[in-house]
Amino acid sequence: MLRSVGRDGSALLSAATTVVDVHWVTDIPGREPVHVYGAGQGGAVMLRELAAAGIPIAGVVDTERSGRLGEHRLLCLEEFLAEADDRTRVVVASQFHTEIVARLSGRFGGTVFNAHPLIQRIASQEEALADAARRAPKAATHRPALLAGLLCVGLAAGEVLLPIEQLTYLLMVSALVVVGAEMLVRLLCGTPQGFFIWRPYLSVRFPPDEKATPGVHGSGRFLTNRYGMRSADPPRRPSRTVYVLGGSTVADYYLDQDRAWVQRLEAKLRQRLDSPTVWTGNLGRPANFTDNHLLVFKHLLPELPKPDLIVILAGVNDLQFALGSSYPRDMSERTMLEWTFSEMPGKGNLAERLALTAFCVRVQGWLSRRFTPDAVEGVYPPNGFTMWRNARRTAPPDRMVDRLPDLAGSLARYRGNLLRLIDASRKAAGIPIVLLTQPVLWSADMTPEEEALLYAGGVGPNDEWVDVQRYYTAAALTDGMDQFNEVMRDVCRQRAVHCVDLAALVPKSGRYFYDDMHFSDAGADLVADLVASRIAPLLAEPMKGPPASHPVDAGATR
């Protein structure tokens, strides 16, 4: 039996065990220790919130597992119930909160705090980057709402001070001013909102951590330019322009702005070509794969300055999408667009779609970048890495999957997407394209230290990994990655496209990766050097279309 209590303290049912819905951490009274029921992502959020509130943790409860979870005791349900008494307090922090509360019903006489409302609120607040990551913060877009609110307050006050005729006149003049400003901005600046990988002039931080992101140093500054790329604004007349497309291994979260490999590539190309105006545009966005790259070709590239070369690093996200790993189960056309672009026409509320709003945000971003370059809009530490790594490391052996599903259909889709990208590049006034195979840390004979860096390869969406703990083995993932990389090599041979075989050139070592596929500082520098040495000759002479000879990197052998 349970006694459920609302936020006002009123009892809804009478029984031995009390249940309290938690919307704020202050809904948990006192400073007595609490148990956290949930060893997954929700549990990690709750542990963080309780620590910040100064509430001691007595232990973490899981339905089946026991042992240790980081610095905390991990108790299975029966162990917890054996210790529980009428003073025991447990915070349920799991997506299965209804079932868990039912399991605890009448089993002990303490208090159950259902933290699902709190976790949902926090998740909705942090959803913007998800991701680790997906939405750029929309700072300053609340300004139109604020202006509207002030106008309403002014009008309300005016009812006392002004006759109704003057209020009507004031309202009409205000509307005409807003409409006129909107039309003027549209006339001078074009559409109110085009397609952007990130919000222009975004300034946030992804601070690295030696435990979560070993081999990555610096402050983790992440800045975008007027085109919404993680790059500097282009020179007035760049001598060469290179766009780089990819997922998170191109975006390079947690690496400082100048240490990301695309930014290093720009510096190395300037040196090799003896030209200070070579410019690289970073079009990387976490989780993007070749379906997303085709959307970039369709919607974004026509709006950007024409490049001299397009470079694409692809493969690992196509593999993960094929395995149903990381991605939502329903990837509709609209979802695919929203995963590709942070901003696009028709996205956002009415105020966010106004040209006037976009103009104000751009001006504010430019002024902030110019006069307060150290200002940041948000800080996103790598909190999830430790939790995900621990979930993979502690997964029971019978939940490790050593055989991949049939990839034939996904490999055919990948091949078709690569061919369409090549055709689209050549149709765009013959812009040459260079494809990069995907280097990863996975191998069939990893050391324990390298295995400890892994967190990806879970079966199903990543918000289920911690609770389900079902993963593909490193050997299975290696086999899948090899198949996708071989498709890229074959397409390059077939279409005579330049291919830099990074999968063969970057050693599978913890020196170059801080997890399954993301580059450390040393890895980013190596990748930039390898790519610069291969594409500099292409940029040194006028472009003459695709090469006639075998294009796959001759040095790419295992």
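Predicted model: local features only at pLDDT ≥ 70, side-chain atom pairs only at ≥ 80, totals over all residues.

Trp261 and Leu283 are the residues with the most contacts inside the largest nonpolar core, which has 111 residues. To this core H20 gives the most, with 10 residues. A second core, of 22 residues, is separate and includes Val22, Val34, Leu69 and Ile122.

Helix packing may be considered next. Two packed helices are described by the angle between their axes and the distance between the axes. Helix H8, residues 261-273, packs with helix H20, residues 521-540, at an angle of about 45°, and their axes lie 8 Å apart. H8 and H20 are therefore oblique to each other. The crossing in which H8 passes H20 is right-handed. In the contact of H8 with H20, 13 residues are nonpolar, 1 is polar and 6 are charged.

A further pair is formed by helix H15 (residues 408-427) and helix H18 (residues 474-495), whose axes come within 10 Å and cross at roughly 40°. Because of that angle, H15 is oblique to H18. Their crossing is right-handed. On the H15 side, the contact is made by Ser410, Leu411, Tyr414, Arg415, Leu418, Leu419, Ile422, Asp423 and Arg426. From H18 come Gln483, Phe484, Val487, Met488, Asp490, Val491, Gln494 and Arg495. The residues of the contact of H15 with H18 comprise 9 nonpolar, 3 polar and 5 charged.

Definitions and conventions
Residues numbered from 1 in each chain as written. Heavy atoms only, no water. Axes fitted to C-alpha atoms, helices over the stretch in contact; angles between N-to-C directions. Helix = DSSP H or I, 4+ residues; strand = E, 2+ residues; numbered from the N terminus. Parallel < 35°, antiparallel > 145°, perpendicular 65-115°, else oblique. Left-handed = near helix turned anticlockwise from the far one by under 90°. Nonpolar A, V, L, I, M, F, W, Y, C, P; charged D, E, K, R; others polar. Core = buried A, V, L, I, M, F, W, Y, C linked by side-chain atoms within 4.5 Å. Buried < 20%, exposed > 50% of the residue type's maximum accessible area, 1.4 Å probe, protein only. Contact = heavy atoms within 4.5 Å.
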